[in-house]
Amino acid sequence: MRSYIKSVVLILILSLSACKSTKKVTATNDDLASAKIIASHYETHPQFETLAARLKIRYSDPDRTQSVTVSLRMQKDETIWMSASVLGISLAKAMITKDRVQFYEKIDGTYFDGDFKLLSDLLGAELTYKQVEGLLLGEPIYDLREGGFSAGATGSRYLVAPRQQQNLFNLFFYLNAGAFTLQEQRLTQAKEQRDLTIKYGDYTREQNGYFPTEVTIIAQEKDKETRVDIEYRGVDFNTEVSFPFSIPDGLKEIKL
């Protein structure tokens with residue numbers, strides 16, 4: 001797949017496909033410190049209704065490296081919209097809502113139009129809009145407040161992890177020990193030699209919270225590495241946004 005948006009959207013979605021909810025367990029008094037650390041992290045999330053930003057995205061795998069500037073718009077908890085263009089000409093678009101995923105790419109002449117249930121059934125694992133949104137905003141792909149997680153200091157960071165890891169994978173979240181912002185979230189499958197790491201660079205103070213300036217997604221499978229570097233350039237909050245999207249005629253549907 002040569003397209004920029006297609007590659008980025010697929011890695012955002014498919015990289016989360018191995019995730020399943022962690023089991024809830026009964027909390028004890030020993031978890032009070034963990035609960036305080038986790039609560040402090042959620043206080044760092046910015047509060048906003050809409051977002052408009054320009055992104056510099058660099059995609060690389062063993063076969064190629066591509067860079068593109070992308071327009072991002074978001075209605076919090078509702079819609080993610082991305083558009084890649086060159087010299088004002090739109091080459092690719094994507095729109096993700098709570099129950100639908102759509103994208104098309106003009107160079108390859110292809111498109112996808114499906115829902116999260118279809119993707120979840122296909123991948124054999126629950127996948128949600130909230131996970132994709134959280135990945136972009138520096139928020140955990142699971143709600144750590146639901147229970148079953150413990151937190152403790154490790155070096156200059158706090159490590160938050162399930163008290164009982166899943167059989168199929170291990171899940172880890174790393175928080176800044178001072179600001180409590182999310183620095184890294186990681187999912188590993190040792191047996192299959194798979195590792196998904198999502199790293200966040202510096203944060204800026206925005207909307208009574210902190211917003212990441214850089215996101216790096218690294219998907220490792222054995223000796224093959226796929227990487228997406230996302231740099232935010234100019235972010236506006238709570239401005240009027242629109243989500244124009246229409247799949248052009250004549251494109252070939254992607255069958256997953």
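Author: We take confidence, then the overall fold, then one histidine. This is a predicted model.

Reader: How is confidence read, and what is the mean pLDDT of the chain?

Author: pLDDT is the predictor's confidence in each residue, on a scale from 0 to 100. Here the chain has a mean of 84, and 83% of its residues reach 70 or more. Confidence is lowest in helix α1 (residues 4-14), with a mean of 51, and highest in strand β13 (residues 209-212), at 97. The pLDDT is below 50 over residues 1-5, a stretch with 20 contacts in the model beyond near neighbours in sequence. Over residues 14-30 the pLDDT is also below 50, and that stretch has 40 such contacts.

Reader: How many helices and strands does the chain have?

Author: There are four helices and 16 strands. Among contacts between residues at least 6 apart in sequence, 53% join residues at least 24 apart. Of the 256 residues, 50% count as buried. The accessible surface of the chain is about 12,800 Å², and carbon and sulfur atoms account for 46% of that.

Reader: Now a single residue. Is His 45 buried or exposed?

Author: The general idea is a cut-off: a residue is buried under 20% relative accessible area. His 45 counts as buried because its relative accessibility is 10%.

Reader: Where is His 45 in the chain, and which residues does His 45 touch?

Author: His 45 lies in the loop between α2 (32-42) and β1 (50-61). Leaving aside residues up to four places away in sequence, His 45 touches Gly 138, Glu 139, Pro 140, Asn 208 and Gly 209.

Key:
Residues are numbered from 1 along each chain as its sequence is written. This is a predicted model: local features need pLDDT of at least 70, side-chain atom pairs count only at pLDDT 80 or more; totals for chains, interfaces and linings use all residues. Side-chain values use heavy atoms; hydrogens and water are left out. Helices (H or I, at least four residues) and strands (E, at least two) are DSSP runs, numbered from the N terminus. Buried means under 20% relative accessible area, exposed over 50%, partly exposed in between (1.4 Å probe, protein chains only). Contact means heavy atoms within 4.5 Å. Accessible areas come from the Shrake-Rupley method with a 1.4 Å probe; for residues, only the protein chains shown count as cover.
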